[in-house]
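Subject: Structure handover

Hello,

Here is the structure I said I would pass on. My notes on what was found in it follow below.

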Amino acid sequence: MKAAVAEFIDSVGYGVVDAGTPADSWRQATGTPVWATPYGPYADERGRPVGEGTVRAALATATR
């Protein structure tokens, strides 16, 4: 199922980063390093895309 969803998201032009299982979802919570990372700093209204490596690095630095 995860692969099918990732394929669909990719097909409509978005990048996909598998961030793990539902138990790992805390790594993406509000206030964690990855929060809004795909679009640049929260203060930047225009945002900018970042690569998979940046998202993975932010996920890796999350702490509870």
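What share of the 64 residues in the protein is buried? Buried residues make up 14% of them. Please keep in mind throughout that this is a predicted model.

Overall layout

The protein has two helices and zero strands. Its C-alpha atoms fill a box of roughly 30 × 30 × 20 Å along the principal axes. Taking contacts between residues at least 6 apart in sequence, 45% of them join residues that are at least 24 apart.

Helix 1 covers residues 2-11, and F8 is found in it. F8 has a relative accessibility of 52% and therefore counts as exposed, since the cut-off for exposed is over 50%. F8 also belongs to a nonpolar surface patch of about 720 Å².

Helix 2

Helix 2 covers residues 52-60, and V55, A58 and L59 are its buried residues. Why do they sit on the same side of helix 2? They cover an arc of only 100° around the axis, and that places them together on one side. In general, an α-helix has 3.6 residues a turn, so residues three or four places apart point the same way. The face of helix 2 turned away from the buried side carries G53 and A60, which are exposed.

A58 has a relative accessible area of 10%, which is under the 20% limit for buried. With its neighbours within four places in sequence left aside, A58 is in contact with P33, V34 and T37. The C-alpha atoms of A58 and Y14 are separated by 19 Å, and the two residues are 44 apart along the chain.

Salt bridges

How many salt bridges does a search of the whole structure find? The search finds two. As a general point, side chains of opposite charge can pair when their charged atoms come close.

One of the two joins D18 and K2, with the closest N and O atoms 3.2 Å apart. D18 lies in the loop between helix 1 and helix 2, while K2 is in helix 1, so this pair ties together parts that are 16 residues apart in sequence. Both residues are partly exposed: D18 has a relative accessible area of 39%, and K2 is at 48%.

A salt bridge is also formed by R56 and E52, where the closest N and O atoms are 2.8 Å apart. These two residues are four apart in helix 2, so about one helical turn separates them. R56 is partly exposed at 38% relative accessible area, and E52 is partly exposed at 43%.

A polar atom of the T32 side chain lies 3.0 Å from the backbone oxygen of R27. Leaving aside neighbours within four places in sequence, T32 is in contact with W26, R27 and A62.

Regards

Methods
Residues are numbered from 1 along each chain as its sequence is written. This is a predicted model: local features need pLDDT of at least 70, side-chain atom pairs count only at pLDDT 80 or more; totals for chains, interfaces and linings use all residues. Side-chain values use heavy atoms; hydrogens and water are left out. Buried means under 20% relative accessible area, exposed over 50%, partly exposed in between (1.4 Å probe, protein chains only). The arc is that of the directions from the helix axis to the C-beta atoms. Patches are made of residues with over 30% relative accessible area and no salt bridge: like charges are joined within 9 Å, nonpolar side chains (Val, Leu, Ile, Met, Phe, Trp, Tyr) within 5 Å. Accessible areas come from the Shrake-Rupley method with a 1.4 Å probe; for residues, only the protein chains shown count as cover. A salt bridge is a side-chain nitrogen of Lys or Arg within 4 Å of a carboxyl oxygen of Asp or Glu. Contact means heavy atoms within 4.5 Å. A polar contact is a pair of N or O atoms within 3.5 Å; within protein, one must be able to donate a hydrogen and the other to accept it, and residues adjacent in sequence count only if both atoms are side-chain atoms.
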